[in-house]
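Q: Please take a close look at the ligand site of this structure and describe what surrounds the ligand. I would like a connected account, and then a few words on other local features.

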Amino acid sequence: MSKAFELAEQAANFIRAESGIPQHELALCLGSGWLKTLTGKITWSIDADKVPGYRTAEVEGFSSQISTITLDSGKHVLVLPRTHLYQGYGVEAVAHPARTAAAAGAKIMVLTNGAGGLNPNWKPGQVFLISDHINLTATSPIEGAKFVDLTDMYSPRLRNIAKQIDPTLEEVVYAQFRGPHYESPAEVKMVGIVGGHMVGMSTALETIAAREVGLEVIALSMQTNPAAGVVAGGVSHEHVLAAGKAGEQRNGELLAELCEALSNHLE
Ligand code: 8IG
């Protein structure tokens, strides 16, 4: 086993021992604007930097905790902090939550993010289902000759479950850039031309890593801001945090309902 997968095994074993929960059936990464959702349902929590392969969050709006949410169904959700590629710890750190989740027994990975939208009619805080992605990071979380199929990587089965909860959910193609700078307006235009609807700095690499270890993936993207050049004015992290606040209540309820439904539809 490679070092990265050994580290994930260690993290999962540590979480199992500390939490006393033998299996977490679902895993969840909370992106910008999602942090405050589900906090009322946390039944176990630990500082992330105590767990092998994790560190304290360096970005405002991101968590430094690893937590368990116990659902009404009795199933457990492992909430793992995200590492972004732009933080400079490499693709292994980005892939670590997916690998930890699989090692902890998870079958489904729920990814959330905040992102820039290409449609000027979309509202701040509006949530979308990711149906596919365009990976513009020029890298992969996978090393070696492992040729992972990315057809239907955002599970159609799980997307249908989400659409039963909220039939107004639209599907989008998400383009991941490395960041940490936001896109140039020309880059945003390019994404539109090649078939993308949202731009962000996460999720695509994590989804690839999750597919490598056989997790079913569902990803929710909140438009926190119009992407650069879509409307007049610039993009700021403050706007991003404010939009997250605007959508918090409704999106938290959606996410809680979704986790509950997913836990009742484990394959
Ligand atoms: I929140 O407009 C958030 N994250 N790349 N572009 C990119 N990432 C983002 C954006 C955005 N908004």
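**The ligand and its surroundings**

A: In this predicted model, the ligand sits in the largest pocket. The residues that surround the ligand are G114, A115, G116, Y182, E183, V199, G200, M201, T224, N225 and V240, and by class this shell is made up of five nonpolar, five polar and one charged residues.

Three strands, β5 (108-117), β8 (198-200) and β9 (216-226), each supply at least two residues of the shell around the ligand. The largest share, three residues, comes from β5.

A backbone N or O atom of G114 lies 3.5 Å from a nitrogen atom of the ligand.

Rolling a probe the size of a water molecule over the atoms shows where empty space is left. The structure holds one cavity of 30 Å³ or more, and the largest cavity contains about 120 Å³ of space. Its lining consists of 15 residues, among which R55, A57, R82, T83 and Q87 lie nearest the centre of the cavity. Sorted by class, the lining of the largest cavity has six nonpolar, six polar and three charged residues, while the shell around the ligand has five nonpolar, five polar and one charged.

The peptide bond that runs from G179 to P180 is cis, with omega near 0°, and P180 has its place in the loop between β7 (170-176) and α4 (185-193). The ligand neighbours listed above include Y182 and E183. The other backbone feature concerns A138, a residue other than glycine whose phi is positive, near 60°; A138 is found in the loop between β6 (127-135) and α3 (156-165).

Conventions:
Residues are numbered from 1 along each chain as its sequence is written. This is a predicted model: local features need pLDDT of at least 70, side-chain atom pairs count only at pLDDT 80 or more; totals for chains, interfaces and linings use all residues. Side-chain values use heavy atoms; hydrogens and water are left out. On a 1 Å grid over the protein atoms alone, a cavity is a set of points where a 1.4 Å probe fits but cannot get out, and a pocket is an open set with protein on both sides within 12 Å along at least five of seven lines; lining residues have an atom within 4 Å of a point. Grid points are joined across faces, edges and corners, and a volume is the space filled by probe spheres set on the points. Ala, Val, Leu, Ile, Met, Phe, Trp, Tyr, Cys and Pro count as nonpolar, Asp, Glu, Lys and Arg as charged, and the others, Gly among them, as polar. A residue is near a molecule or strand if one of its heavy atoms lies within 4 Å of it. A polar contact is a pair of N or O atoms within 3.5 Å; within protein, one must be able to donate a hydrogen and the other to accept it, and residues adjacent in sequence count only if both atoms are side-chain atoms. A molecule sits in a cavity or pocket if more than half of its atoms lie within 2 Å of its grid points. Helices (H or I, at least four residues) and strands (E, at least two) are DSSP runs, numbered from the N terminus.
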